[in-house]
Amino acid sequence: MLAVYFEGIDTAGHMYLRYAPPDYPGTTAAERASFGGAVAAFYRYQDELLGRLIGAAGPEARVLLVSDHGFLSGLERPIERARTVDYAT
C-alpha cells in the first residue's frame with residue numbers, strides 16, 4: 001500500500017477561492033482578475049499529478065482517492081456578509 005498526501009488543493013482553496021466567482025466581499029475587481037482562476041488552475045495541475053501517479057502504478061493497481069473535506073464553489077459557495085467571518089479561511 002502507498003499513501004500520498006497532496007496539500008495543494010486545500011492551500012489553494014483557502015488562499016484563492018475568495019477571488020473566484022461569484023464576487024466575494026472584501027475583494028477587488030483587480031484581485032479577482034489576477035487570482036480568480038488560481039484554484040481551477042491548481043485542480044488541473046493536481047489532475048496531471050494524479051494521472052502520472054496512476055500511470056506509474058500500472059493497470060493492476062487499485063486507486064482510492066479521498067478528501068478530508070471539500071470546498072463549495074460557484075453559486076453553491078456560501079457568502080456570509082457578516083463582519084465576524086474571516087474570509088481568508
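User: At what angle do the axes of α1 and helix α3 cross, and within what distance do they come?

Analyst: In this predicted model, local features need pLDDT of at least 70 and side-chain atom pairs count only at pLDDT 80 or more, while totals for chains, interfaces and linings use all residues. Residues are numbered from 1 along each chain as its sequence is written, and side-chain values use heavy atoms, with hydrogens and water left out. The axes of α1 and helix α3 (residues 38-57) cross at roughly 175° and come within 9 Å. Axes are lines fitted to C-alpha atoms, for helices over the stretch in contact, and angles run from 0 to 180 degrees between N-to-C directions.

User: Why is α1 called roughly antiparallel to α3?

Analyst: Angles over 145 degrees count as roughly antiparallel, under 35 as roughly parallel, 65 to 115 as roughly perpendicular and the rest as oblique. The crossing angle is roughly 175°, so α1 is roughly antiparallel to α3. On the α1 side the contact is made by G8, I9, A12, G13 and Y16, and on the α3 side by A38, V39, F42, Y43 and Q46. Contact means heavy atoms within 4.5 Å.

User: What makes Q46 count as buried?

Analyst: Buried means under 20% relative accessible area, exposed over 50%, and partly exposed in between (1.4 Å probe, protein chains only). Q46 has 6% relative accessibility and therefore counts as buried. Q46 lies in helix α3 and, leaving aside its neighbours within four places in sequence, is in contact with F6 and I9.

User: Why is F6 called partly exposed?

Analyst: F6 has 32% relative accessibility, and therefore counts as partly exposed. F6 is placed in the segment before α1 (8-16).

User: Which side chains does E48 or R52 meet in a salt bridge, and what makes that term apply?

Analyst: A salt bridge is a side-chain nitrogen of Lys or Arg within 4 Å of a carboxyl oxygen of Asp or Glu. The side chains of E48 and R52 meet at 3.5 Å, N to O, in a salt bridge. Both residues lie in helix α3, 4 residues apart, about one turn of the helix. At 44% relative accessibility E48 counts as partly exposed, whereas R52, at 54%, counts as exposed.

User: How many salt bridges does this rule give?

Analyst: The count comes to 2 salt bridges. One of them joins the side chains of R32 and D23 (3.1 Å, N to O).

Terms used. Helix = DSSP H or I, 4+ residues; strand = E, 2+ residues; numbered from the N terminus.
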